[in-house]
Amino acid sequence: MDADPNDNSILQLIKQGAEARVYVTNFLDRPTIVKERFKKKYRHSTLDDKLRHKRTMQEVRSMHRCRKAGIATPADYELIIMLIMPSSSVVFFVDSNDYKIYMEEIQNSVTVRDYINSLQENKEDKMQQLAKIIGTIIASMHNIQVIHGDLTTSNMLLRKTNDIEMADLILIDFGLSSISSVAEDKGVDLYVLERAFLSTHPNTETSFQVILDTYKTFKGSSEALRKLDEVRLRGRKRTM
């Protein structure tokens, strides 16, 4: 049975966060993830609508920009609906009344977090391979001025776990994303990943350095890495 965008009864809730609910359903005969930004009763209704609209549209724009640059994200349903905005047009399926984004469900995938935690044999070699892919993808994303805003190994999926290639790693959850060419924003993005990576996966400092060494090979990376050092220093001062 295919989902009617206005019928919540056939959406199966799988996760709820502070800003959004995530459902699974079937849409146009394809397994689908639906992300819904729900109403916040404590906010003024006009402000709430504006914020949900802005964040929903920014998430869609960031994913679409990444996909155009060859970075894997959940697929859009191309040209199913054209939501006309004052300044742009969006080619993802978007329910503009309820602030829902309909995205491809990446079936038979595993989060990078679970993949790392499951490694037993040849762990070091596999971590090096994975780290190079992560570094390449983040550098490519920053080169098109997309700031993810929540880079963690839980927000990266792998389509397969053997002989991993760049196309097998998919970035998800662009809910905090933005478009920025500012090196400070890129440095903060890297800092968020560093904190999440090292706290979730102890004793992986060498692997994270491979991520940064790979990132360093891309044009324009030096300023972002310098800002990362500054953000680290500020973080240490706050904990003293």
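Predicted model: local features only at pLDDT ≥ 70, side-chain atom pairs only at ≥ 80, totals over all residues.
The expected span of a helix is 1.5 Å times one less than its number of residues.

**Helix 1**

I started with helix 1, residues 45-68. The helix has 24 residues, and I get 35 Å from its first C-alpha to its last. That is close to the 34 Å expected at 1.5 Å a residue.

Next I asked which residues of helix 1 are buried.

I then looked just past the end of the helix. Gly-70 sits there with a positive phi of about 90 degrees.

**Salt bridges, whole structure**

How many salt bridges does a search of the whole structure find? I got 17. I went through a few of them by hand.

**Glu-36 and Arg-21**

This pair forms a salt bridge, with the closest N and O atoms 3.7 Å apart. Glu-36 is in strand 3 (residues 30-37) and Arg-21 is in strand 2 (residues 20-27), so the bridge links distant parts of the chain, 15 residues apart. Is Glu-36 buried or exposed? Glu-36 counts as buried because its relative accessibility is 10%, and the cut-off for buried is under 20%. Arg-21 comes out at 24%, so I put it down as partly exposed.

**Arg-232 and Glu-194**

Here the side chains meet at 2.6 Å, N to O. I checked burial for both partners: Arg-232 and Glu-194 are both buried.

**Glu-230 and Lys-227**

I stayed in helix 6 for this one. The side chains of Glu-230 and Lys-227 meet in a salt bridge at 3.5 Å, N to O. The two residues are 3 apart in that helix, about one turn. An α-helix has 3.6 residues a turn, so residues three or four places apart point the same way. On accessibility the partners fall into two classes. Lys-227 has a relative accessible area of 18%, so it is buried. Glu-230 is at 27%, so it counts as partly exposed.

Technical notes: Residues numbered from 1 in each chain as written. Heavy atoms only, no water. Helix = DSSP H or I, 4+ residues; strand = E, 2+ residues; numbered from the N terminus. Buried < 20%, exposed > 50% of the residue type's maximum accessible area, 1.4 Å probe, protein only. Salt bridge = Lys/Arg side-chain N within 4 Å of Asp/Glu carboxyl O.
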